[in-house]
Amino acid sequence: MTKTDLAYTGSYTDWTRKAILAEVEKQMKPSRFQHVLRVEACSIELAEKYGASVEACSLAALLHDFSKEHDAKIMKEIVLSQGMDSEMTGYGSEIMHGPVGAYYAETVFGITDEAILDAIRQHTIGGETMSLIGKVLFIADYIESGRTFKGVDEARRLAGISLDEAAYFKIEKTIIHLVKKELPIYPGTIYVYNSWIQRKVGKS
Ligand SMILES: [Fe+2]
Ligand SMILES: [Fe+2]
């Protein structure tokens, strides 16, 4: 296998891009695989605009939803056996697939870069602090070209101005959405919101 088709040319992984795509494609339905490719395309655009590593952002995007369709029972086992926050297990795969996806990125694909692993870990709820790679993935997952939710145009506009503004927008809208739907909110999501709102209003 040559490395000529590597999306990521650093030293974190020996996997070729083709092999990564084949492995990712096996984990999910075709529509989600297409979403992953659109997230990658959007991540590359944002990385170029904001000066993040294109290769690292590409790799994080390709792997971000690796475990999204995995059996929740298996995800729970990983959460508990790997010492992740056990409270996640009460909130389903939507919350668990980020940290569990990072676990696979590390153990299956050999990724050791914490910025990439954190980006995958945090891509659903965000993080109290996020790296540039983390923000790129967090926003690309939200605004990729297939997204059509109300507010996506505003999110895209903000992403053209500031990654922080776009990230805050996603964090705030996600909380509002969950409240409106009368859904329970994973406490980690609230911590992230608190951290961002405190920064926004200059209290920390
Ligand atoms: Fe996801
Ligand atoms: Fe996604």
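In helix 7, the buried residues are Ile133, Gly134, Lys135, Val136, Leu137, Phe138, Ile139, Ala140, Asp141, Tyr142 and Ile143. Buried means under 20% relative accessible area, exposed means over 50%, and partly exposed lies in between (1.4 Å probe, protein chains only). Helices are DSSP runs (H or I, at least four residues), numbered from the N terminus. The structure is a predicted model, in which local features need pLDDT of at least 70, side-chain atom pairs count only at pLDDT 80 or more, and totals for chains, interfaces and linings use all residues. Residues are numbered from 1 along each chain as its sequence is written, chains are lettered from A and ligands numbered from 1 in the order in which they are written, and side-chain values use heavy atoms, with hydrogens and water left out.

Helix 7 is mostly covered, with 11 of its 12 residues buried. Its buried residues pack against helix 2 (30–50), helix 3 (54–63), helix 6 (114–122), helix 8 (152–159), helix 9 (163–180) and helix 10 (187–200). Contact here means heavy atoms within 4.5 Å. The length of helix 7 (residues 132–143) was also checked. At 1.5 Å a residue its 12 residues should span 16 Å, and its end C-alpha atoms are 16 Å apart, which agrees. The expected span is 1.5 Å times one less than the number of residues.

Helix 3 is also mostly covered: eight of its 10 residues are buried. These are Ala56, Cys57, Ser58, Leu59, Ala60, Ala61, Leu62 and Leu63. They pack against helix 1 (17–26), helix 2, helix 5, helix 6 and helix 7.

Helix 2 has 21 residues. From first C-alpha to last it reaches 30 Å, close to the 30 Å expected at 1.5 Å a residue. Its buried residues are Arg32, Phe33, His35, Val36, Val39, Glu40, Cys42, Ser43, Leu46 and Ala47. They pack against helix 1, helix 3, helix 7, helix 8 and helix 9. Ala41 lies in helix 2 as well. With a relative accessible area of 40%, Ala41 is partly exposed. The C-alpha atoms of Ala41 and Ala61 are separated by 8.7 Å, although the two residues are 20 apart along the chain. Just after helix 2, Gly51 takes a positive phi of about 75°.

Glu182 sits in the loop between helix 9 and helix 10. It is exposed, with a relative accessible area of 73%.

The metal site was examined next. The iron ion (ligand 1) is coordinated at 2.1 Å by Asp65 (OD), His97 (NE2) and His123 (NE2). Donors are N, O and S atoms within 2.8 Å of the metal (3.2 Å for Na, K and Ca); water is not among the atoms, so sites may look incomplete. In sequence, the donor residues of this ion are spaced D-x31-H-x25-H. The iron ion (ligand 1) and the iron ion (ligand 2) are 3.5 Å apart, and Asp65 coordinates both. Asp65 and His97 link distant parts of the chain, 32 residues apart. Asp65 is in the loop between helix 3 and helix 4 (72–81), whereas His97 is in helix 5 (residues 92–107). Asp65 counts as buried because its relative accessibility is 4%. His97 is buried too, with a relative accessible area of 1%.

A cavity is a set of points where a 1.4 Å probe fits but cannot get out. A pocket is an open set with protein on both sides within 12 Å along at least five of seven lines. Lining residues have an atom within 4 Å of a point. Grid points are joined across faces, edges and corners, and a volume is the space filled by probe spheres set on the points.

The search of the whole structure finds one cavity of 30 Å³ or more. The largest cavity has a volume of about 40 Å³. Thr124, Ile125, Phe138, Lys170, Ile171, Thr174 and Thr189 line it. Helix 9 gives the most to this lining, with three residues.

The largest pocket has a volume of about 920 Å³. Of the 31 residues that line it, the closest to its centre are Glu94, Tyr142, Thr174, His177 and Leu178. Helix 9 supplies the largest share of the lining, eight residues.

Conventions
Helices (H or I, at least four residues) and strands (E, at least two) are DSSP runs, numbered from the N terminus.
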